[in-house]
Amino acid sequence: MHNRLQLIILLVATFWWSPSEQTDATARQFWRPGGYPLFNALRMQNTACTSDDGEQGTCLSDSDCKSRQGFTVGTCGRSGLVCCNMKFTCGGKTAKNETLFVNPSYPLPENGTNTCQVTIQNVPNVCQLRLDLEEFSLAQPDEYGRCTKDSFMVRTTVGERLPMLCGENKAQHLYVDMGRGSANPVVLSVITNEMDATNRKWKIRISFIKCDNYVMAPSGCLQYYRSPSDVIRSFNYGARIDGRSRYLANLRYTTCIRVEENFCAIKWTTENSDSFSWGISNDPMYSQQGNATQYGLTGALCNDDDYVGIDQGSQEGSGVGEDRFCGQRLFYNNVVISRSKPFQLKVRSNSDQTENARFSQNGISLRYTQLPCVN
């Protein structure tokens, strides 16, 4: 009796733990080829993964990865799935979510003249695209702040005209309106000119946002932040370049911040003491460069050149406040508080960067912090 019980236990153990040797069809249905449990694959299917080299991807079957024109960058544990990186480059088309648009030699850089263009096809019930510039390095703008050497362009038939970008823009993002019910695609283009010391490299993640999804950006917002506090930088923000304006010309866009529940104000501060350098003025105090760093300008004094807009901004967050800020400092002490909703940062620059280059202006890096309501 005892030996018979041991035999039964052995048979049961063999049924469950040795599927590769099991010929019974009922047992095999719980396992994938290679000895991986089916529930592991179902649990990990379409989840995010990371390769040993840090490449991001999605867990898919090998055949599904190939059908999406993806690249296998690793495996997804004991699931039988691969970590699939959906990269595509010049001349490609995609209608798949979470696709990566990369330069042709990625992860190596490019050097030379080329026009690299990809098409994002419209998908039913998708109203917006989010473009995350995970890597982005092109030539710097010219002395007038224009992207005449290299440029990144987004072409769409709906919504506002998106800015042309160049320079260093890693970790920036853009929202693109696809248009509800529109069948027109969105075209992304990277144009590079001249073979020189510039190493061009880009990796842009393309995410589809379904209509009426809570993560959709409000209408008219080029950028959208959804946290109580974060840092916002202007395009191509970085170290000053002597005699050149680093920030881009001809900008007119709005960055929006989702208002958190029970938060009534927003506080803007510079990330560092010198991280606000945007626009100059005809004010007499600016007749000499030495005076330019002494204070920030507001309101009508910013009308003659570039400015950053914060509605009803003041030192304490009370009263009417100012709506335009420019110069080498944000207001008096690099702090602005606003109670105007929705929370927005409006960025404006014109086509003339001559005076901005004289002051070697390099843009803005601002931290926002939402402030709770006080009874």
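**Disulfides and core**

1. The model is predicted. The torsion about the S-S bond of Cys147 and Cys166 is about -80°, so this disulfide is left-handed. Cys147 sits in the loop between E11 and strand E12 (151–155), and Cys166 in the loop between E12 and strand E13 (173–177), so the pair ties together parts 19 residues apart in sequence. The two sulfur atoms are 2.2 Å apart, and both Cys147 and Cys166 are buried.

2. Cys221 and Cys256 form a disulfide with their sulfur atoms 1.9 Å apart. Cys221 lies in the loop between strand E15 (201–210) and strand E16 (223–225), and Cys256 in strand E18 (residues 252–257); the pair thus links distant parts of the chain, 35 residues apart. Its S-S torsion is about -80°, so the disulfide is left-handed. Cys221 and Cys256 are buried.

3. For Cys264 and Cys373, the S-S torsion is about 85°, so the disulfide is right-handed. Cys264 belongs to strand E19 (residues 263–270) and Cys373 to the segment after strand E26 (363–372), so parts 109 residues apart in sequence are tied together. Cys264, at 25% relative accessibility, counts as partly exposed, as does Cys373 at 35%.

4. The count of disulfides comes to nine.

5. The largest nonpolar core comprises 52 residues, and those with the most contacts inside it include Phe101, Leu131 and Trp268. Strand E11 (residues 126–137) gives the most to this core, with five residues. Leu131 touches, among others, Phe152, Val154, Leu188 and Ile206, leaving aside residues up to four places away in sequence.

Definitions and conventions
Residues are numbered from 1 along each chain as its sequence is written. This is a predicted model: local features need pLDDT of at least 70, side-chain atom pairs count only at pLDDT 80 or more; totals for chains, interfaces and linings use all residues. Side-chain values use heavy atoms; hydrogens and water are left out. A nonpolar core is a set of buried Ala, Val, Leu, Ile, Met, Phe, Trp, Tyr and Cys residues joined through side-chain atoms within 4.5 Å. Buried means under 20% relative accessible area, exposed over 50%, partly exposed in between (1.4 Å probe, protein chains only). Helices (H or I, at least four residues) and strands (E, at least two) are DSSP runs, numbered from the N terminus. Contact means heavy atoms within 4.5 Å. A disulfide is a pair of cysteine sulfur atoms within 2.5 Å.
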